[in-house]
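Trainee: Hi! Could you walk me through this one?
Mentor: Happy to, have a look at it first.

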Amino acid sequence: MTDREAAPAAASGSDKRNLAMRVAVAVVLIPLAVAIAYAGGWLWTALVVLAAIGLFVEWLAIVGLGGTMRVTVPGIVALAVAGLCLALHRLDAALIVLAIGLAAVAAMAPERRNWAAAGFLYAAAAEIASVLVRLDPAKGFSALMFVLLIVWVTDSGGYFAGRGIGGPKLWPRVSPKKTWAGAIGGFAASLAVAGGFAAFELGRAGPLLLVSAVLTVVSQLGDLFESAVKRRFGVKDSSHIIPGHGGLMDRLDGFVAAVVVAALLGFLRGGADGVGRGLMVW
């Protein structure tokens, strides 16, 4: 075998090992996440707070502020205290704490102040939205699962359609591996999720199809946004905390965008206590 023939073979072997690792980790993490989401309450809020803190820390590492404790510490404290407020159903207090945290992070950043503030806002928005979507006792779990499933199938459908079909790249300058075929595959898979929810009478088909279409596009834009930030700072993975998947931002970028938009839609229709109903009942 020549060197030219060996290179594709080695790449193929690496891709298979990476896929196997991704599947193995997903088999463990997805049921755990679903179980905690079903439990809701303090358990779900605690997971969300830990994820938000991880997102903030990884963002700072990407933009070159990872070792700056005077920025990291106030951001972590604010996210943790805001999570406590959310667990106590005090959204107003959580927003005040996060506003103070944002001011502290921006004030303490020695450089790239706007990037540090943006990272805190990114983590804070993910924290608030993830808790509010689950908060509704009647529709919170189904609304959260709706968002999670759309993000998961968008990612998986895009991966397999992109690898299997190939074709023109979606945005090669930002994300060289993403294709239009993958984007369309992920979009189609998300519509199947909406159809499944409608079939089980968890919502009306028309509105759910429309919401799923919005959320799958937003999820893919969130993925591209994270890729653009990493490319801006010359970073490949946000971290290596999840074997085969990279960092939290690498796995949650689409979810963050989708859950924030889902929470906004639900809030506009159902208020702070009825975000789940506002998203699922039309």
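Mentor: Helices (H or I, at least four residues) and strands (E, at least two) are DSSP runs, numbered from the N terminus. Also, this is a predicted model, where local features need pLDDT of at least 70, side-chain atom pairs count only at pLDDT 80 or more, and totals for chains, interfaces and linings use all residues. Residues are numbered from 1 along each chain as its sequence is written, and side-chain values use heavy atoms, with hydrogens and water left out.

Trainee: Which residues of H7 are buried?
Mentor: Buried means under 20% relative accessible area, exposed means over 50%, and partly exposed is in between (1.4 Å probe, protein chains only). In H7 the buried ones are Ala 181, Gly 182, Ala 183, Gly 186, Ser 190, Val 193, Ala 194, Phe 197 and Ala 198.

Trainee: And what do they pack against?
Mentor: Those buried residues pack against H6, strand E1 (169–171), E2, helix H8 (205–232) and helix H10 (275–280). Contact here means heavy atoms within 4.5 Å.

Trainee: What follows H7?
Mentor: Glu 201 follows, and its phi is positive, near 60°.

Trainee: Let's look at Thr 179. Where is it found?
Mentor: In strand E2, residues 175–179. Thr 179 counts as buried because its relative accessibility is 5%. A polar atom of its side chain lies 3.0 Å from the backbone nitrogen of Gly 182. Not counting residues up to four places away in sequence, Thr 179 touches Gly 162, Gly 166, Gly 167, Pro 168, Lys 169 and Leu 170.

Trainee: New topic: how many aromatic pairs are there?
Mentor: A search of the whole structure finds eight. Rings of Phe, Tyr and Trp (its six-membered ring) pair if their centres lie within 6.5 Å; planes under 30 degrees apart count as stacked, over 60 as edge-to-face and the rest as tilted. One of the pairs is Tyr 38 with Phe 141, with centres 5.2 Å apart and planes at 85°, so it is edge-to-face. This pair links distant parts of the chain, with Tyr 38 in helix H1 (residues 3–39) and Phe 141 in helix H6 (residues 140–165), 103 residues apart.

Trainee: Is Tyr 38 buried or exposed?
Mentor: Tyr 38 is exposed, at 59% relative accessible area, while Phe 141 is partly exposed at 26%.
Mentor: Then there are Trp 59 and Trp 115, whose ring centres are 6.2 Å apart with planes at 40°, so that pair is tilted. Ring pairs also link Trp 59, Trp 115, Tyr 122, Phe 225 and Phe 233 into a cluster.

Trainee: What about the largest nonpolar core: which residues touch the most other members?
Mentor: A nonpolar core is a set of buried Ala, Val, Leu, Ile, Met, Phe, Trp, Tyr and Cys residues joined through side-chain atoms within 4.5 Å. The largest has 66 residues, and Leu 55, Phe 56, Leu 79, Phe 120, Phe 146 and Val 147 touch the most other members. H5 supplies the largest share of this core, 11 residues.

Trainee: What is Phe 146 in contact with?
Mentor: Leaving aside neighbours within four places in sequence, its contacts include Val 193, Ala 194 and Phe 197.

Technical notes
A polar contact is a pair of N or O atoms within 3.5 Å; within protein, one must be able to donate a hydrogen and the other to accept it, and residues adjacent in sequence count only if both atoms are side-chain atoms.
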